Amino acid sequence: MKRLFRALIAAGSSRAVPPIVIGLFFLFYIGVAFFTDETLITLMAFTRRSFFLAALLALIPLNCALRIVRQTTLYLNVRRALHGKPVNSQSELFDEAVELPASTYDLPELEGRLAAVGYKTGRSGTALGAWRGISVFPARLLFLIGFFCLFTGILITTTTRTANRRMVIEGEPMPMPDGTGGTVERITLANASGLILARTLAIEVASSNSGYGKRTFGLYPPTLYMGSFVYPRYLGIALYFRFSAPDMPAGYETHCSLNCYPPGKEDNVAIPGSPYRIVFSTPVPEPGTERYRSYMTGDITLQFKVLKGKDVLFTGSAPAGGEFVRDGYRLALPDIRRLVITDFIGDYGVLFIWSAGLIFVAAGGIWLPIRAFFPRREMLLRFEADLITAYSRAEGRSRKHAGVFHEVLDLVDAKRDE
Amino acid sequence: MAIFFKLIPHIIVWFGVVVILLRGFSGRRSVVVVASGLGLLVGTVGVFALRSLPGLSPFIAIKSVLGVCFLLLWAVSVAASYRTADSGAAFPWGERFFSSSSGAGVVTVIVTLIAGGIAVCKFSGAETSALSFSLLALSAGSLAYFIAYAARFIEKRLPESFRVSQLGMVVSVIALLLFSSSSILRLDLFSPLSMKVMKGVHDFVHQFMESILIPDHLFIRPPIWKSIGFLFGKEVGFWGGLVIWFAPVLLIVLAINSVRLPSVAHIRQGAQRRKLLAGAIREQRLQLVMPLFSVVIFAAAAYQSSFPSVEYWDPKPLPVTANPAGEIVIPKKGDINLEDGKLHKYLFKQGEREARFFVLQTPDGKLTVDLDACAICKPDGYGQTEGSVICYYCKTLIPLETVGKPGGCNPVPIGFSVKGESVVIDAMTLINSWGATVQATARVKEGGK
């Protein structure tokens with residue numbers, strides 16, 4: 001049982017696991033591509049529904065976790081060995097091991113020689129350890145943690161993500177997927193001077209009955225509210241209008257939401273039980289002026305086109321509170337409000353993916369200078385009765401390190417000849 | 001005679017493949033000679049026979065086999081890298097198979113069978129008579145064995161230092177097969193790969209941005225959004241395709257280059273140590289010859305695929321107008337015969353709006369009217385070549401049998417009717433269809449080619 005467990009751990013922590021799993025997913029991707037053009041979305045949907053695919057994907061974070069443990073143990077064992085402490089399977093910790101018959105040795109001379117070429121040394125009993133440079137272990141550890149976070153995030157996102165699209169309207173309660181939040185007090189769109197964002201958006205929400213305090217939701221990073229990330233997508237208009245026609249004297253009035261930004265984009269409302277349809281749009285501003293000025297100021301004028309069947313009856317424009325009357329037709333726009341078409345995303349995997357991004361940056365920042373300028377090089381000499389066992393490993397500049405290692409062995413061997 | 005000139009590159013590839021196999025299986029030369037002759041003969045005759053059977057197309061089968069070969073190369077390269085990084089790893093079953101006679105025979109037959117099949121696809125048309133079939137079998141058999149023995153003759157005279165490792169053999173043979181196929185549009189892998197990369201990157205970037213909740217373009221600075229938009233272009237497909245195309249061979253180069261030099265720490269004479277290390281380094285460099293040769297072959301294949309020496313039938317769009325009832329009427333016969341199986345392009349203008357479309361009779365005799373654009377790519381239009389139309393933007397080949405069916409990179413079909421001897425198209429439907437499905441994909445004003 002113990003042997004089986006060890007074999008499973010060894011297989012699970014193998015470096016081959018991520019390429020094999022990614023390769024298998026790539027093959028699935030190719031297979032799916034034969035049947036649909038929406039390949040990635042289809043593969044994600046399969047993974048969400050299939051326990052087998054989700055379990056296969058879960059092998060990668062599991063492998064990362066096991067490798068973190070393995071790498072840490074390995075690193076600690078190397079440190080212990082270099083300080084002369086006994087460790088199991090010592091030769092596996094190093095790149096190279098060699099045994100020399102020797103009865104005499106001059107440790108101070110060896111230490112002096114190693115110090116002369118920039119190595120620090122540590123002596124403990126019958127062992128001499130020498131090292132130079134900085135280990136990339138912290139970067140490797142961070143990289144593995146980043147990889148763990150990335151694939152855990154992908155796994156959580158793929159299998160559990162929920163998305164609900166709602167209209168967030170000024171003056172209305174926040175339409176959360178699980179109940180309602182506080183009232184949306186104000187929506188503010190403004191120009192920004194940032195490097196990435198051209199505009200900022202703020203959705204100010206009053207305290208809710210369910211215990212959430214006053215909050216303001218921006219663009220990035222999206223804020224978590226009542227278990228969902230508030231992810232603003234597009235701008236729009238909430239309109240309340242009244243319409244009457246000669247053949248429809250009773251008229252019709254309704255609230256509707258229009259997806260009519262950027263300016264010029266059309267959205268339409270059909271009058272139920274009649275041949276009438278009204279196409280709304282926001283006017284395109286003069287070139288050189290701010291395109292979203294009307295949304296920013298809240299001073300919104302709507303253009304409209306009233307159609308009866310396929311025939312255009314009339315066109316016109318009116319601001320909030322305005323009215324348009326012609327040939328017995330009447331269109332009034334008593335209330336226009338700003339709205340934001342918002343996705344409420346239930347997905348904690350996002351947090352892992354963001355963390356992974358930051359960790360990868362940190363890992364790269366540590367790895368590059370160490371690998372370029374201070375690669376770790378180590379050697380260990382163990383002196384026993386008439387045998388010297390020498391171990392060596394290098395994370396970079398291995399040829400130069402091998403030269404020093406050989407020179408040290410030559411020195412030991414020369415002593416024996418003397 | 002023209003056919004013979006067309007076949008010269010393929011014959012050179014045959015020769016190169018057999019030389020490499022002979023040197024790679026240097027202990028099994030006789031097996032390789034017999035098997036390569038047999039493979040070339042069977043591949044040539046078999047694919048020729050398949051082409052002559054109605055309803056069967058060997059193109060898809062050969063292209064699939066080439067795709068599998070490329071995936072195999074990827075697997076081999078990843079395994080080689082893994083083996084280098086983890087010196088404890090070994091694949092003894094693979095090595096045992098490669099060093100056995102049966103392994104040499106099987107590999108040689110498969111490789112030469114594919115090489116023979118590819119060359120036959122260069123022939124246009126599928127008309128076969130018993131005489132032409134017999135002549136082909138006879139000439140292919142003679143040529144195959146002539147090449148096999150000539151390759152053996154040359155290979156014996158190559159220097160001993162020219163060694164072909166198992167890795168080098170796999171990579172160079174697959175490179176030669178892909179080079180050979182890249183000159184045949186329907187077998188080419190690089191252009192479809194680039195297109196798939198373009199679509200894959202597009203999907204991935206879109207999903208990634210949604211996954212990490214990046215705001216939409218209206219909130220992002222235009223230069224930043226343009227940079228993101230660059231990821232959706234065909235340039236990314238091309239460069240991404242190049243990365244996937246070259247990555248396996250470069251991984252193999254890296255794997256060979258990263259093999260740890262033998263331990264010489266037990267040797268106490270510096271000169272002897274240096275000699276051993278120099279020998280190991282020289283050996284390592286010699287092993288790099290075939291992978292580096294393959295890099296050149298892969299580059300040539302990618303070039304040949306990107307700039308094919310194929311002439312497309314691509315007539316200039318003829319302007320058409322709509323009658324007062326809003327119908328575009330095109331006579332089936334007249335100056336242009338719509339039923340000649342060729343692509344006939346038209347341009348319809350209405351005010352400032354315009355739409356480009358074509359009429360084509362498919363091999364099953366049905367007329368189809370389609371936009372000169374698909375719903376995915378920039379509307380660069382289509383050209384016609386043997387048995388298919390090609391999307392100029394992404395270089396996807398669409399078999400003529402599927403033109404008129406919607407989806408993917410197929411031209412967007414337009415409803416029409418046949419009244420008497422004319423094809424009638426609703427102008428409003430046409431112009432709206434162009435506007436709705438095409439202009440969303442256009443990053444620059446369309447113009448076609």
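This is a predicted model: local features need pLDDT of at least 70, side-chain atom pairs count only at pLDDT 80 or more; totals for chains, interfaces and linings use all residues.
**Entry 1: overall form**

I take the radius of gyration over C-alpha atoms, and for a globule I use 2.2 Å times the number of residues to the power 0.38. A compact globule of its 418 residues would come out near 22 Å, but chain A has 35 Å. I then looked at the extents, and the C-alpha trace of chain A spans about 120 × 50 × 45 Å along its principal axes.

For chain B I noted a span of about 100 × 70 × 30 Å along the principal axes of its C-alpha trace.

**Entry 2: helices, strands and burial**

I listed the elements next. Chain A holds 10 helices and 18 strands, while chain B holds 13 helices and 10 strands.

Then I looked up burial. In chain A, 29% of the 418 residues are buried. In chain B, buried residues make up 38% of 449.

I also checked how far along the sequence the contacts reach. Taking contacts in chain A with a separation of 6 or more, I find that 58% come from residues 24 or more positions apart. In chain B, 75% of the contacts between residues at least 6 apart join residues at least 24 apart.

**Entry 3: the two domains of chain A**

I see nine residues from domain 1 of chain A and eight from domain 2 of chain A in the contact. On the domain 1 side, strand 4 (162-169), strand 5 (184-191) and strand 9 of chain A each give two or more residues. Strand 5 of chain A gives the most, with three residues. By class, I count that side of domain 1 as seven nonpolar, one polar and one charged.

**Entry 4: the two domains of chain B**

For chain B the assignment gives domain 1 (2-188) and domain 2 (318-441). Between the C-alpha centres of these two domains of chain B I have 41 Å.

**Entry 5: where chain A meets chain B**

I asked myself how many residues each chain brings to the contact. Chain A brings 35 residues and chain B brings 26. Several elements of chain A supply at least two residues each, including helix 2 (17-33), helix 3 (39-49), strand 9 (228-245), helix 9 (349-373) and helix 10 (398-417). By class, the side of chain A that touches chain B has 24 nonpolar, three polar and eight charged residues.

**Entry 6: nonpolar cores**

I went looking for the largest nonpolar core and found it with 107 residues. B:Val17, B:Leu21, B:Ala115, B:Val173 and B:Leu177 have the most contacts inside this core. Helix 7 (residues 166-182) of chain B gives the most to the core, with 11 residues. Domain 1 and domain 2 of chain B each put in at least three residues.

I followed up on B:Ala115. Leaving aside residues up to four places away in sequence, B:Ala115 touches B:Val13, B:Trp14, B:Val17, B:Leu40, B:Gly43, B:Leu177 and B:Ser180. Another core lies apart from the largest one, with 64 residues, among them A:Cys64, A:Val205, A:Leu331 and A:Phe352.

**Entry 7: a hairpin in chain B**

Strand 4 (residues 353-361) and strand 5 (residues 367-371) of chain B run antiparallel and are joined by five bridges. I looked up the partner of B:Gln361, which is B:Leu367 in strand 5 of chain B. The two strands form a hairpin with five residues between them, and B:Gly365 in the turn has a positive phi of about 90°.

A reminder to myself: most residues other than glycine have a negative phi, and most peptide bonds are trans.

I found a cis peptide bond from A:Tyr220 to A:Pro221, with omega near -5°. A:Pro221 sits in the loop between strand 7 (215-217) and strand 8 (224-225) of chain A. The bond from A:Tyr261 to A:Pro262 is also cis, with omega near 10°. A:Pro262 falls in the loop between strand 10 (248-258) and strand 11 (266-270) of chain A.

Phi of B:Leu213 is near 60°, and B:Leu213 is in the loop between helix 8 (190-211) and helix 9 (222-230) of chain B.

Are these two buried or exposed? A:Asp327 has 9 other C-beta atoms within 10 Å, so I call A:Asp327 exposed. B:Leu213 has 21 C-beta neighbours inside 10 Å, so B:Leu213 goes down as buried; my cut-off for buried is 20 or more.

Conventions. Residues are numbered from 1 along each chain as its sequence is written. Chains are lettered from A and ligands numbered from 1 in the order in which they are written. Domain bounds come from an automatic or database domain assignment. Two residues are in contact if their C-beta atoms, placed from the backbone, lie within 7 Å. Helices (H or I, at least four residues) and strands (E, at least two) are DSSP runs, numbered from the N terminus. Ala, Val, Leu, Ile, Met, Phe, Trp, Tyr, Cys and Pro count as nonpolar, Asp, Glu, Lys and Arg as charged, and the others, Gly among them, as polar. A residue is buried if 20 or more other C-beta atoms lie within 10 Å of its own, exposed if 12 or fewer, and partly exposed in between; C-beta atoms are placed from the backbone. A nonpolar core is a set of buried Ala, Val, Leu, Ile, Met, Phe, Trp, Tyr and Cys residues joined through C-beta atoms within 7 Å. Two strands pair if DSSP finds at least two bridges between them.
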